[in-house]
Amino acid sequence: MIAAPTSGSGKTTIARGLMGLLVKKGYRVQPFKCGPDYIDTKFHAAVCGRPSINLDTFMASPQHVRELFALYGADADVCIVEGMMGLFDGYDRERGSSYEIARELGIPVVLVVDAKSAAYSMAALLTGFIGFRKDVRIAGVIFNRVGSEKHLQMLQQVCDDLEVECLGCLPKSAALEQGSRYLGLDFSELPDDTALITQMEEHVAWERLLRL
């Protein structure tokens, strides 16, 4: 699961980039989306060449969500679930949240963190997310909107101190931002993901991510 502390952290960009990169590498990627979102799924399908499936424990039972995940992921090499909102944000505390879906499916979480204008303060934020619930594993962190190599080194120190895997970053770049409309992405036209996939390949340890 690709999740984040809050909406607007860049999880859709990271998820789409990772999907595109793995497809480029020859993997069969099955995309999923937490919640009743029908815009992000269009982006997933365009990248992966197969339908993206909604996983929602508000309108469906946990058993049904597990069955959907097993059915659509059966012939895939990799399943990628894009979270919604913040990891623990549900309709009643964490009920219906990305966390609940990750827990029900037993899948690890990669946390996408917006690191703009922050460095070692990330240690406090990550400590909270890693330790808040012990029944879901935070497998690693990808930092978004990183300003420089020095900035990345400072963020790497955070991960080293917390003994959590730093899986890389995306640099701060207006070209990588996807516009939004209402509560979802602007789907008026599909973006060209070439630059995004190139950045993911250069800056994200995708092979390490798969091993984790």
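Which residues form a nonpolar patch on the surface? Point 2 has the reply, after a word on the ground rules.

1. Ground rules. This is a predicted model, in which local features need pLDDT of at least 70 and side-chain atom pairs count only at pLDDT 80 or more, while totals for chains, interfaces and linings use all residues. Residues are numbered from 1 along each chain as its sequence is written, and side-chain values use heavy atoms, with hydrogens and water left out.

2. The surface patch. The residues are Y38, F58, M59 and Y91, and together they have about 520 Å² of accessible area. Such areas come from the Shrake-Rupley method with a 1.4 Å probe, and for residues only the protein chains shown count as cover. A patch takes residues with over 30% relative accessible area and no salt bridge; like charges are joined within 9 Å, and nonpolar side chains (Val, Leu, Ile, Met, Phe, Trp, Tyr) within 5 Å. Y38 sits in the loop between strand 2 and helix 2 (40-48). Helices (H or I, at least four residues) and strands (E, at least two) are DSSP runs, numbered from the N terminus. Y38 counts as exposed because its relative accessibility is 54%, where the scale is buried under 20%, exposed over 50% and partly exposed in between (1.4 Å probe, protein chains only).

3. The cores. A nonpolar core is a set of buried Ala, Val, Leu, Ile, Met, Phe, Trp, Tyr and Cys residues joined through side-chain atoms within 4.5 Å. The largest has 39 residues, and the members touching the most others are M1, L55, V81, L87, V109, L111 and F143. Setting aside residues up to four places away in sequence, M1 touches V81, L87, I101 and V109, among others; contact here means heavy atoms within 4.5 Å. A second, separate core has 23 residues, including I2, L21, L196 and L209. In soluble globular proteins, nonpolar side chains tend to be buried together.

4. Of the 5 residues in strand 4 (residues 78-82), 4 are buried. Strand 4 runs parallel to strand 2, with 5 bridges joining them; strands pair if DSSP finds at least two bridges between them. F69, in helix 3 (residues 62-73), counts as buried because its relative accessibility is 17%. Beyond its neighbours within four places in sequence, F69 is in contact with F32, L55, C79, V81, L105 and I107.

5. Salt bridges. With a side-chain nitrogen of Lys or Arg within 4 Å of a carboxyl oxygen of Asp or Glu as the rule, the count is 15. K25 and E201 meet in one of them at 2.5 Å, N to O. This pair links distant parts of the chain, 176 residues apart: K25 lies in the loop between helix 1 (11-24) and strand 2 (29-34), E201 in helix 7 (residues 194-203). K25 is partly exposed at 35% relative accessible area, and E201 is partly exposed at 29%.

6. A network, and one more pair. R66, E100, R103 and E104 are linked by salt bridges in a network. Within it, the closest N and O atoms of E104 and R103 are 3.3 Å apart. R95 and D92 also form a salt bridge, at 3.6 Å.
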